[in-house]
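Here is a short report on a protein chain. Take a look at the sequence and the model, then read on for strands, helix and rings.

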Amino acid sequence: MLPDKDKLILVYCRSGRRSKIAAESLANLGYTNVKEFGGIIDWQYEIEK
């Protein structure tokens, strides 16, 4: 766990289902700066592999 609950946390997964659950869980744990990007399959920008 991150001790700083205001630290920026970026969350994504393949389809978006798990990232939504993870972001909600983090918010329930008191993290205040969680950005959920959804699924990488819907990402409209360039991806580096």
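Strands β1 and β2 run parallel and are joined by 5 bridges. Two strands count as paired if DSSP finds at least two bridges between them. Helices (H or I, at least four residues) and strands (E, at least two) are DSSP runs, numbered from the N terminus. The chain crosses from β1 through α1 to β2, and this β-α-β crossover is right-handed. Right-handed is judged with the strands pointing away from the viewer: the path from the first strand over the helix to the second then runs clockwise.

This is a predicted model, in which local features need pLDDT of at least 70 and side-chain atom pairs count only at pLDDT 80 or more, while totals for chains, interfaces and linings use all residues. Residues are numbered from 1 along each chain as its sequence is written, and side-chain values use heavy atoms, with hydrogens and water left out.

**The chain as a whole**

The chain holds 1 helix and 2 strands. From the N terminus on, the elements run β-α-β. The C-alpha trace spans about 30 × 20 × 15 Å along its principal axes. Of the 49 residues, 20% count as buried. Buried means under 20% relative accessible area, exposed over 50%, and partly exposed in between (1.4 Å probe, protein chains only). Among contacts with a separation of 6 or more, 62% come from residues 24 or more positions apart. A contact means heavy atoms within 4.5 Å.

**The strands**

Ile9 stands opposite Val34 in β2. Leu10 has Lys35 as its bridge partner in β2. Which side chains of β1 are buried? Ile9, Val11 and Cys13 are, and they point to one face.

Helix α1 covers residues 17–28, 12 residues in total. From first C-alpha to last, α1 reaches 17 Å, close to the 16 Å expected at 1.5 Å a residue. The expected span is 1.5 Å times one less than the number of residues.

The buried residues of α1 are Ser19, Ala23 and Leu26. They cover an arc of only 65 degrees around the axis, which puts them on the same side of α1. That arc is taken from the directions from the helix axis to the C-beta atoms. An α-helix has 3.6 residues a turn, so residues three or four places apart point the same way. What covers the buried residues of α1 includes β1 (9–13) and β2 (34–39).

On the other side of α1, Arg17 and Asn28 are exposed. Asn28 has a relative accessible area of 71%. The C-alpha atoms of Asn28 and Arg14 are separated by 22 Å, at 14 residues apart along the chain. Ala22 also has its place in α1. Ala22 counts as partly exposed, at 29% relative accessibility. Its C-alpha is separated by 8.8 Å from that of Tyr12, 10 residues apart along the chain. Gly30 follows α1 and has a positive phi, near 105 degrees.

**The aromatic rings**

The structure holds 2 aromatic pairs. Rings of Phe, Tyr and Trp (its six-membered ring) pair if their centres lie within 6.5 Å; planes under 30 degrees apart count as stacked, over 60 as edge-to-face and the rest as tilted.

| Pair | Centre to centre | Angle between planes | Type |
|---|---|---|---|
| Phe37 and Trp43 | 5.8 Å | 70 degrees | edge-to-face |
| Trp43 and Tyr45 | 5.1 Å | 65 degrees | edge-to-face |

These ring pairs link Phe37, Trp43 and Tyr45 into a cluster. Tyr45 counts as exposed, at 57%.
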